[in-house]
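Open your viewer and get ready to select. This tour goes from stop to stop, and each stop says what to pick and what is there.

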Amino acid sequence: MTAVSVPSESPSREKIETSILMAAEQVFSQHGYRGASLQVIADRAGLPKANILYYMGSKQALYVRLLNRMMLRWNEVLEDITPESDPATVLSDFIRTKMVLGQRYPEGSKLFAAEILAGAPFLSEYLAGELRDWVASRAAIMHQWSVQGKMDDVDPRWLIFLIWSATQHYTEYSAQVSGILGREALSDDDLESISAFLEHVILKGCGITQPVAKARPLEK
């Protein structure tokens, strides 16, 4: 049995893990879980395969970590909301964050979508456990907003699903969108227009009529 070499210094651990995750995201998105190999990921990251095993544990652990990381990125904007938060600002930020991240990390976004379409074989426990609890806690706060008269009494779960799916469309179906619009890729102006449109439709559909605080600009 070949011994796994343990790196002697830990300060660069974050940098090494970032390199591994970036390489793995590209390889998994190109070849899928079954078609990807740790050796190819190691070659892409410029590291020995033994280092991949040391830092990530296994191919499955690395894959699941990538998927979880994508969800954490998407939902981070809702982590600190409270019943006192302004729903217009929160939902606008949520929409814009999802749009930006879909364009910034298209491989991770498509990788997550492929996992879900496959029946979530590696994420079933996460979806039915941690993520389910997370959605329930966010939904409870949004329900308080409706009790306070800040928005209509819509089901917050459907609202979260709507924002996930509406923003995801522009990543998952980017070829369709670009083809119909007649351009190779969405421009910054396109992304701003899409975000403003989604804000208008979703906020109005939730009965949020007060002016939205100045929207955070899209950052690439």
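**Stop 1: the stretch named in UniProt**

This is a predicted model. Select residues 14-74. An unreviewed UniProt entry places the feature "domain: HTH tetR-type" there. Colour the selection by secondary structure. The span is 89% helix and 0% strand. Now find the C-alpha atoms at its two ends. They are 21 Å apart.

Next, select residues 37-56. The unreviewed UniProt entry gives these residues the feature "DNA-binding region". How much of this span is helix, and how much is strand? It is 80% helix and 0% strand. Its end C-alpha atoms lie 13 Å apart.

Click on Ser37. Ser37 sits in the loop between helix H1 (13-35) and helix H2 (38-45). Is Ser37 buried, partly exposed or exposed? Its relative accessible area is 26%, so Ser37 counts as partly exposed. Draw a distance line from Ser37 to Val135. The two are 98 residues apart in sequence. From C-alpha to C-alpha, Ser37 and Val135 are 33 Å apart in space.

**Stop 2: the whole chain**

Zoom out and show the whole chain as a cartoon. How many helices and how many strands does the chain have? The count is 10 helices and zero strands. Follow the elements from the N terminus and you read α-α-α-α-α-α-α-α-α-α.

Turn the model around. Along its principal axes, the C-alpha trace spans about 65 × 40 × 35 Å. The chain has 220 residues, and buried residues make up 41% of them. Now think about contacts between residues at least 6 apart in sequence. Of these, 73% join residues at least 24 apart.

**Stop 3: the largest pocket**

Which residues lie nearest its centre? Select Phe112, Ile116, Phe161, Trp164 and Ser165 to see them. In total, 23 residues line the pocket.

Colour the lining by class. Which helix gives the largest share of the lining? It is H8, with seven residues.

**Stop 4: helix H8**

Stay with H8 and hide the rest. H8 has 17 residues. From its first C-alpha to its last, H8 reaches 24 Å, close to the 24 Å expected at 1.5 Å a residue.

Show the side chains of the buried residues in H8. Among them are Pro156, Leu159, Ile160, Ile163, Trp164, Ala166 and Thr167. Gln168, Tyr170 and Thr171 are buried as well. An α-helix has 3.6 residues a turn, so residues three or four places apart point the same way. Bring back the neighbours. The buried residues of H8 pack against H4, helix H5 (87-104), H6, H7, helix H9 (174-181) and helix H10 (188-205).

**Stop 5: Met99 in helix H5**

Select Met99, which lies in helix H5. Met99 is buried, because its relative accessible area is 2% and the cut-off is under 20%. What does Met99 touch, leaving aside residues up to four places away in sequence? The list is Thr167, Tyr170, Leu191, Ile194, Ser195 and Leu198. Now draw a line to Phe28. Met99 and Phe28 are 71 residues apart along the chain, and their C-alpha atoms are separated by 22 Å.

**Stop 6: Arg73 in helix H4**

Move to Arg73, in helix H4. Arg73 has 15% relative accessibility, so it counts as buried. Leave out residues up to four places away in sequence, and Arg73 touches Glu25, Thr97, Leu101 and Tyr105.

**Stop 7**

Select Pro106 in helix H6. Pro106 is partly exposed because its relative accessible area is 27%. Pro106 and Gly46 are 60 residues apart in sequence, and 22 Å apart in space from C-alpha to C-alpha.

Finish at Ala120, in the loop between H6 and H7. Check its backbone angles. What is the phi of Ala120? It is positive, about 55°, although Ala120 is not a glycine. Ala120 is also buried, with a relative accessible area of 6%.

Methods:
Residues are numbered from 1 along each chain as its sequence is written. This is a predicted model: local features need pLDDT of at least 70, side-chain atom pairs count only at pLDDT 80 or more; totals for chains, interfaces and linings use all residues. Side-chain values use heavy atoms; hydrogens and water are left out. On a 1 Å grid over the protein atoms alone, a cavity is a set of points where a 1.4 Å probe fits but cannot get out, and a pocket is an open set with protein on both sides within 12 Å along at least five of seven lines; lining residues have an atom within 4 Å of a point. Helices (H or I, at least four residues) and strands (E, at least two) are DSSP runs, numbered from the N terminus. Buried means under 20% relative accessible area, exposed over 50%, partly exposed in between (1.4 Å probe, protein chains only). Contact means heavy atoms within 4.5 Å. UniProt positions are given in the numbering used here, feature names are shortened, and annotations may be inferred rather than shown by experiment. The expected span of a helix is 1.5 Å times one less than its number of residues.
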